[in-house]
Amino acid sequence: MARMPIIAGNWKMNKTPDEAVAFVRELTPMISHSDDVERVVAPTFLALAAVAAELRGSPVKIAAQDAHWESSGAFTSQVSVSMLAPLVDYVIIGHSECRAFLNETDENVNRKAQAVLAAGLKPIIAVGESLEQNEAGETVPFVRSQVRTALAGLAPKDMNNLVIAYEPIWAIGTGRSASGEIADDIIKTAVRDTVAELYGVDAAAAVRIQYGGSVKPENMEEFMAQPNIDGALVGGASLVADDFAALVEIASRVKGRRSASA
């Protein structure tokens, strides 16, 4: 089954609303022609409305960086999926920084996944192990557990409407990254095979799985050449228009229609 590559730029706590609008004005013409790759930007909550207005009618899609699972209530500082729905296509949930700094749990990731899907949006569900877990040989069982809990209660058809991002924590923002071959093996064994056990081989073949962690133009082709990696969840490189455009170009060349016709 052919899966459309998806490159999502997680801007984290960067860019004011004015800076975000200026950035997408620069970026959009650079990537608008690559319609064989899904292109997503994830501004801060404060910049979402301005970016959504700027990108209206554009092929570039928008993600929120998180959401609460309740539709409303006494949850100071939180943003509900219903508030985001008019503005975004995707919601990133379970990012390691939210897990580490905001006490995000696997169970809450599952609540958020269900809420995002119920609103007609698509979750990008991040999973990944720490350096200590990696060095102890615990990567596969740990990531499998994260995937199982995140997907609990979902239906096989939901696998067409979500993305899973494997992000080894030790590779995020460190300049270190897993090799393409190692990342692909973990994604196959810990993520895609787990989806197959839960929902069957067709669902596993449909779900798109990104790699994240110090992805940049210099190593992007190595990741995109792997059979189980369908794109990237990008941090630092998504803040530079030329770099993000290069990632989209590589994805198009290696896994898009240009690759199929080559």
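Glu104 and Lys112 are both buried, where buried means under 20% relative accessible area, exposed over 50% and partly exposed in between, with a 1.4 Å probe and protein chains only. The model I am presenting is predicted: local features need pLDDT of at least 70, side-chain atom pairs count only at pLDDT 80 or more, and totals for chains, interfaces and linings use all residues. Residues are numbered from 1 along each chain as its sequence is written, and side-chain values use heavy atoms, with hydrogens and water left out.

Let me stay with this pair. Glu104 and Lys112 form a salt bridge, with the closest N and O atoms 2.6 Å apart; the criterion is a side-chain nitrogen of Lys or Arg within 4 Å of a carboxyl oxygen of Asp or Glu. Lys112 also forms a salt bridge with Asp66, at 2.9 Å between the closest N and O atoms. Helices (H or I, at least four residues) and strands (E, at least two) are DSSP runs, numbered from the N terminus. The relative accessible area of Lys112 is 4%, and Asp66 is buried at 13%.

In total the structure holds 14 salt bridges. One of them joins Asp193 and Lys188 at 2.9 Å, N to O; here Asp193 is partly exposed at 25% relative accessibility, and Lys188 is partly exposed at 35%. Arg3, Arg192 and Asp230 are linked in a network of salt bridges.

I turn now to helix 10. Which residues of helix 10 (residues 217-224) are buried? They are Asn219, Met220, Phe223 and Met224. Seen down the axis, these buried residues fall within an arc of 140 degrees, so they line one face of helix 10; the arc is that of the directions from the helix axis to the C-beta atoms. An α-helix has 3.6 residues a turn, so residues three or four places apart point the same way. The buried residues of helix 10 pack against strand 1 (6-10), helix 8 (180-199), strand 7 (208-212), strand 8 (231-234) and helix 11 (241-255), contact being heavy atoms within 4.5 Å.
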